[in-house]
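Subject: A structure to look through

Hello,

I am handing over a structure for you to read alongside these notes.

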Amino acid sequence: MSDRPTPGHGPALLSTPGLVVLAVVAFAVELALFGGVGAIAYSAVGSGVTAWLAALAATAVVVLLWGLFMAPKARFRLPAAARLVVAAALCLGTAYGLVQSGFPAWGWFVGVAGLAVVAAQVALPTAPDGRP
C-alpha cells in the first residue's frame, strides 16, 4: 500500500465548502446520536440517580462501540457498506426512541440529518481499501 493519499480523501476531501459543511453536520449528528441514546435510557428508567446512571452507561456503551467499529481510526473498523447500514439503523432507531420519549425535534434532527449524511457518504468516492 502506498503512502500517497488517494485523491478526494484526507485533507483533500475537505477542500470544498460543501464537504466541510458535511463533516460538521456528520459530527453534530454523532454527538446528537450519543446524547440521544442517553436521553432514551434516562426516559426508559424514569428519573433520579438510577436514570442518570442508565443514561451514562448507555452513552458510554454506544461511544465505545462507535470508537471500536465506526470511527475513522477505529481499531476494528467495519467495511464501508456495513458502516452505512449500522449508521442508518442507529440514526433511525435513536430518532424513533427520541420521538417516543418526548423529544421530537431532537429525534427528527437525528433521523433526517443522519440519513442525509449516510446518503452523502454513499455518493462520496472511496479509497481502494473501502474507506470513504
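Predicted model: local features only at pLDDT ≥ 70, side-chain atom pairs only at ≥ 80, totals over all residues.

Residues are numbered from 1 along each chain as its sequence is written, and side-chain values use heavy atoms, with hydrogens and water left out.

The protein has four helices and zero strands, where helices (H or I, at least four residues) and strands (E, at least two) are DSSP runs numbered from the N terminus. Of its 132 residues, 30% are buried; buried means under 20% relative accessible area, exposed means over 50%, and partly exposed lies in between, using a 1.4 Å probe and protein chains only.

V117 also belongs to the residues with the most contacts inside the largest nonpolar core, which has 24 residues, and V29, L33, F34, W66, V110 and V118 are listed with it. Such a core is a set of buried Ala, Val, Leu, Ile, Met, Phe, Trp, Tyr and Cys residues joined through side-chain atoms within 4.5 Å. Two or more residues come from each of helix 1 (17–45), helix 2 (49–69), helix 3 (80–100) and helix 4 (104–123), and helix 1 gives the most, with nine residues.

Helix 3 has 21 residues and reaches 30 Å from its first C-alpha to its last, close to the expected 30 Å; the expected span is 1.5 Å times one less than the number of residues. Its buried residues include R83, C91 and T94, and helix 3 is followed by G102, whose phi is positive, near 95°. The 20 residues of helix 4 should span 28 Å, which agrees with its end C-alpha atoms being 28 Å apart, and among the buried residues of helix 4 are G107, G111 and G114.

What is the relative accessible area of V49? V49, which is found in helix 2, is exposed, with a value of 63%.

Finally, among contacts between residues at least 6 apart in sequence, 56% join residues at least 24 apart.

Best wishes

Notes. Contact = heavy atoms within 4.5 Å.
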